[in-house]
Amino acid sequence: MFIDYEELECLYRDLESDRVERKASASDLDRIREAICAFANDLPGHGKPGVVFVGVHDDGGCADLSVDDALLTRLAGLRDDGVIHPIPSMTVQRVEIDGCAVAAIAVQPSLSPPVRFRGRVWISVGPTRRVASGEDERRLIEKRRLGNQPFDVQPVAGATLDDLDLYLFESEYLPRAIAPEVLEANDRTEEQQLRALRLVDVSGVPTIVGLLVLGKDPAYYLPGAYIHFLRMPGTGLGTEVLDDQQITGPITTVLWRIEELLKVHNQTRVHVDSESREQRLTDYPLSALYETIRNAVLHRNYEGTNAPVRVYWFDDRVEILSPGGPVGQVTPENFGAPGVTEYRNPHLAEAMSVLGFVQRFGIGIKIIRDSMARNGNPPPEFQPESNWVRVTLKKNPR
């Protein structure tokens, strides 16, 4: 959503507004990320976007910055670079005010605060920006009651803290999600920590993402939350099955187990070229297999379906089917186009980034295409439908 030019003009000229930050350049991207985080948290409760103007000095003087497409692309990439969680809603545009060209980053208040940058919650307090205190975080958590939150942070009826593996939370998730010095000074209870990370709601009931990440048996409450792997001989579905496994558990267990299974079935062979040089070739690049599975788990629909992610391994190809078609701005026509991304499960995306399964958002399809090409495989095929997305990876023909 772009802010009206007149509103941008007023904010640009208002040196006292706590909805504005000014940067002369983009040389320190971390400071810009902190401002994005603070505006997304909207502790003052404005309910309106905050704006980072890049190309203007603190006193309002023009910095004469070259605001070209490269700069706008660089700034827009801050949304998806995997260090701000959950993914902020923001736009980047070039505007010219009083003869000064600037890049305006407009950040919408988050529906699911607190928002963190590298494990720290940043907030704006008057003209200053700082790391949130424990009381600040509690205020941000309370704001969620009024938000129209995504499905993955909705509470699960009937679930309790007993359904979560709290040892996994303390030993694995929490140290990855929160900066060390914040944890060291942390006086919050375990339940407060779970609430701050959206793994339980404000009443202490586990959320969808909480069960997916920490659930002892996520499929009990979310019947489709597993991966069904089938290895079949030949090139089509038949009665004979070589391997049939249903992989369940918290998301780390599911992904580790499926990745080990993919390694077992992925054959490596020696190819001798015309000059008698030997090459070791794999049927499929593991990076393409892993990325496709992770995307299927991340972007699938968990609401109103009992269907799992399905992996069909044939002699000539692997097919991965993910429940749920394109969502939001992604359509069957623009599916896979550079820069066109949407997140059905933004908080699951945050969790998978925290756990190391996602390094940067929005480039999964590029990774799949590039790794298949490097390995000598045919290009991957993407078939988005209304209720499914099917990805077909064809075997290396050599």
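Mentor: A pocket here is an open set of points on a 1 Å grid over the protein atoms alone, with protein on both sides within 12 Å along at least five of seven lines. Keep in mind that this is a predicted model.

Trainee: What volume does the second largest pocket have?

Mentor: About 510 Å³. The second largest pocket has 21 lining residues, and Ile87, Pro88, Ser89, Pro150 and Pro346 lie nearest its centre. Its lining divides into eleven nonpolar, seven polar and three charged residues.

Trainee: And what is the volume of the largest pocket?

Mentor: About 1,200 Å³. The largest pocket is lined by 45 residues, with Val340, Thr341, Glu342, Gly362 and Ile363 nearest its centre. By type, the lining of the largest pocket has 22 nonpolar, 15 polar and eight charged residues.

Trainee: Which element gives the most to the lining of the largest pocket?

Mentor: Helix α11, with six residues. Elements that each supply at least two residues of that lining also include α3, β4, β14, α13 and β16.

Trainee: How does the lining of the second largest cavity divide?

Mentor: Into five nonpolar, three polar and four charged residues. Among the residues lining the second largest cavity are Asp18, Arg19, Asp42, His46 and Lys48. The space in it is about 70 Å³.

Trainee: Switching to packing. Which residues touch the most other members of the largest nonpolar core?

Mentor: Tyr173, Ile258 and Ile293, in a core of 65 residues. Helix α11 supplies the largest share of this core, seven residues. There is also a second, separate core of 27 residues, which includes Leu29, Leu78, Val115 and Trp122.

Trainee: What does Tyr173 touch?

Mentor: Leaving out residues up to four places away in sequence, Tyr173 touches Leu168, Leu197, Leu199, Val213, Ala351, Val354 and Leu355.

Trainee: Last one, α4. Which of its residues are buried?

Mentor: Gly134, Asp136, Glu137, Leu140 and Ile141. Down the axis of α4, the buried residues fall within an arc of 155 degrees, so they line one face of the helix.

Trainee: What covers them?

Mentor: The cover for the buried residues of α4 includes α2, β6, β7, β8 and α7.

How values were computed: Residues numbered from 1 in each chain as written. Predicted model: local features only at pLDDT ≥ 70, side-chain atom pairs only at ≥ 80, totals over all residues. Heavy atoms only, no water. Buried < 20%, exposed > 50% of the residue type's maximum accessible area, 1.4 Å probe, protein only. Helix = DSSP H or I, 4+ residues; strand = E, 2+ residues; numbered from the N terminus. Arc of directions from axis to C-beta. Contact = heavy atoms within 4.5 Å. Core = buried A, V, L, I, M, F, W, Y, C linked by side-chain atoms within 4.5 Å. 1 Å grid on protein atoms, 1.4 Å probe; cavity = no way out; pocket = protein on both sides within 12 Å on 5 of 7 lines; lining within 4 Å. Points joined across faces, edges and corners; volume = space filled by probe spheres on them. Nonpolar A, V, L, I, M, F, W, Y, C, P; charged D, E, K, R; others polar.
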